[in-house]
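Some questions about charged side chains follow. Each answer sets a value against a cut-off and then concludes.

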Amino acid sequence: MAQFWKEFKEFAVKGNVVDMAIGVIIGGAFGKIVTSLVNDIIMPPIGMLLGKVNFSDLKYVLSEAVMEGDTVVKPEAAIMYGQFIQTVLDFLIIAFCIFSVVKTVNVMKHEHEQKQEPAPATPPEDILLLREIRDELKKQQK
């Protein structure tokens, strides 16, 4: 049992787990920002172009709600396709942003790796001399 806890502790304290947890927290906050962007900035102009429609209100009613006075006896059954459209837009914007970040990181990583690669070493003097001899022999054979 002690070995189990030791392994768990090593796993939980690794940098990758901490980095992943930070990524999840930031991702959640980023998701809220994107949702606000879609709901509050992108969708209102689109709804206005389509005749002052609020996308979250778009739905196909399968059965109307049954009411007795102010009390709902049977709730409305509806397909909420407007909400679905907003969720798809959220996803596309998040996917595009993540793609952009990953692409930028990969480009920066590639540039960093190129800077780290040592320049090709100059061949030793004897190899250069042998190459010259080879080239001269090729010239004489022609």
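Q: What makes D135 partly exposed in this predicted model?
A: D135 has a relative accessibility of 36%. Partly exposed lies between the buried limit, under 20%, and the exposed limit, over 50%, so D135 counts as partly exposed.

Q: Why is the contact between R134 and D135 called a salt bridge?
A: The closest N and O atoms of R134 and D135 are 3.4 Å apart. The cut-off is within 4 Å, for a side-chain nitrogen of Lys or Arg and a carboxyl oxygen of Asp or Glu, so the pair qualifies. R134, at 42% relative accessibility, is partly exposed.

Q: How do you know that K139 is exposed?
A: The relative accessible area of K139 is 59%. Exposed means over 50%, so K139 is exposed. The salt-bridge partner of K139 is E136, at 3.8 Å from N to O. E136 has a relative accessible area of 43% and is partly exposed.

Q: What separates K139 and E136 in helix α4?
A: K139 and E136 are three residues apart in α4 (residues 125–141), which means about one helical turn between them.

Q: Why do K59 and E76 count as a salt bridge?
A: Their side chains meet at 2.8 Å, N to O. K59 is partly exposed at 36% relative accessibility, and E76 is partly exposed at 32%.

Q: How many salt bridges does this rule give?
A: The count comes to three.

Conventions:
Residues are numbered from 1 along each chain as its sequence is written. This is a predicted model: local features need pLDDT of at least 70, side-chain atom pairs count only at pLDDT 80 or more; totals for chains, interfaces and linings use all residues. Side-chain values use heavy atoms; hydrogens and water are left out. Buried means under 20% relative accessible area, exposed over 50%, partly exposed in between (1.4 Å probe, protein chains only). Helices (H or I, at least four residues) and strands (E, at least two) are DSSP runs, numbered from the N terminus.
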